[in-house]
Amino acid sequence: MLEIAKQAAKVAGEYLQGRFLEQLVPDEELHNDVKLPEDKESERRIIEVIHGHFPTHTIFSEEVGMVSREEEYLWIVDPLDGTNNYFIGFPYFSVSIALQHKGELVLGVVYNPVAGQMFWAEKGKGAYLNGKRLSVNDRTDLTRAVGTYIRGRNTVTKEQELDFTKPFMINTKRLLRNVAPALDWCLLANGWLDYVVMQRSGIMDVAAGIVIAQEAGATITDWEGSSYQHEPFTQEGFRSLLASNGHLHETIRGLIEE
């Protein structure tokens with residue numbers, strides 16, 4: 001199943017890369033989001049590959065919603081992670097595909113076609129980037145820590161976001177707002193980032209990244225400090241999580257409580 005997920009991500013990613021430098025025309029442009037035909041076409045190609053090999057599996061994807069079939073296997077697909085980045089020509093986006101089996105996340109694939117980065121992981125088998133084993137870093141100095149902030153669409157106001165993120169901007173080296181959540185989790189997995197703080201985000205956006213970060217040794221908790229436990233996917237589910245290299249976890253969690 002991992003190889004099929006990688007195949008689907010590559011088929012969609014190559015299409016997206018081919019369209020990336022074009023002048024894109026959105027189906028709809030909203031206050032803080034954009035709907036692109038490329039998103040739908042990427043999704044169509046992913047579903048075609050997955051159902052070509054596993055016709056009885058259920059798929060949830062951003063544009064078409066739930067394609068219900070056999071419930072034991074559920075593919076969670078974000079066909080264009082970082083749509084707004086893609087639209088404005090910022091080369092930080094990916095294709096994100098995760099698989100849930102009997103309510104448990106068992107694999108994740110995140111493909112960044114511009115950088116040629118194929119991240120993947122299977123539960124209990126480690127995380128990889130283009131075949132190289134991944135591991136979080138061992139940084140302990142908060143003042144040198146670089147993290148990223150993820151929030152769900154329309155879940156907090158801009159004023160709330162500014163208030164929440166201020167302690168991170170002041171106390172750590174840098175807080176990024178990349179707006180491509182699955183890819184952010186992969187940067188943590190490879191030791192490029194030290195922490196990820198996520199506020200009320202849908203699991204669809206991050207499921208594959210979470211598997212990859214977990215398998216790379218990341219510490220993941222809720223904001224109260226309880227270890228992350230995957231809950232069977234629902235469209236309405238929003239989570240607030242903190243992930244880190246482990247060494248900085250409690251120090252960074254203290255910033256949330258300010």
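Five strands make up an open sheet with mixed pairing, in the order β12-β11-β13-β15-β14; strands here are DSSP E runs of at least two residues and helices are H or I runs of at least four, numbered from the N terminus, and two strands pair if DSSP finds at least two bridges between them. The edges are taken by β12 (174-176) and β14, each with a single partner strand, so one side of each is left without a neighbour in the sheet. From one strand to the next, the twist averages 20°, where axes are lines fitted to C-alpha atoms (for helices over the stretch in contact) and angles run from 0 to 180 degrees between N-to-C directions. The model is a predicted one, in which local features need pLDDT of at least 70 and side-chain atom pairs count only at pLDDT 80 or more, while totals for chains, interfaces and linings use all residues. Residues are numbered from 1 along each chain as its sequence is written, and side-chain values use heavy atoms, with hydrogens and water left out.

Within this sheet, β11 (residues 146-151) and β13 (residues 195-202) pair in the parallel sense over five bridges, with Gly-147 opposite Tyr-195 of β13. Helix α5 (residues 181-189) lies across β11, β13, β14 and β15 (238-244), and runs at about 155° to β13.

Thr-221 is buried, with a relative accessible area of 5% (buried means under 20%, exposed over 50% and partly exposed in between, with a 1.4 Å probe and protein chains only). The side chains of Thr-221 and His-249 are joined by a polar contact of 2.9 Å, that is, a pair of N or O atoms within 3.5 Å; within protein, one must be able to donate a hydrogen and the other to accept it, and residues adjacent in sequence count only if both atoms are side-chain atoms. Neighbours within four places in sequence aside, Thr-221 is in contact (heavy atoms within 4.5 Å) with Ser-226, Ser-227, Tyr-228, Leu-241, Leu-242, His-249 and Arg-253.

A further open sheet holds eight strands in the order β4-β3-β5-β6-β7-β8-β9-β10, again with mixed pairing. Here β4 (65-67) and β10 (132-133) stand at the edges with a single partner strand each, so one side of each has no neighbour in the sheet. Strand β5 (residues 70-81) is largely enclosed by the rest of the structure, because nine of its 12 residues are buried. Five bridges link β5 to β3 (residues 57-61) in the parallel sense, Thr-58 standing opposite Leu-74 in β5. Strands β5 and β6 (residues 94-101) run antiparallel and are joined by seven bridges; Asp-81 has Ser-94 in β6 as its bridge partner.

Helix α2 (residues 37-53) lies across β3, β4, β5 and β6, at about 150° to β5. Helix α6 (residues 207-215) lies across β5, β6, β7 (104-112), β8 (117-122) and β9, at about 100° to β7.

Helix α6 also packs with α5, at an angle of about 5° and with the axes 8 Å apart. The two helices are therefore roughly parallel to each other (angles under 35 degrees count as roughly parallel, over 145 as roughly antiparallel, 65 to 115 as roughly perpendicular and the rest as oblique). From α5, Ala-182, Trp-185, Cys-186, Leu-188 and Ala-189 meet Gly-209, Ile-210, Ile-212 and Ala-213 of α6. This contact has eight nonpolar, one polar and no charged residues, where Ala, Val, Leu, Ile, Met, Phe, Trp, Tyr, Cys and Pro count as nonpolar, Asp, Glu, Lys and Arg as charged, and the others, Gly among them, as polar.
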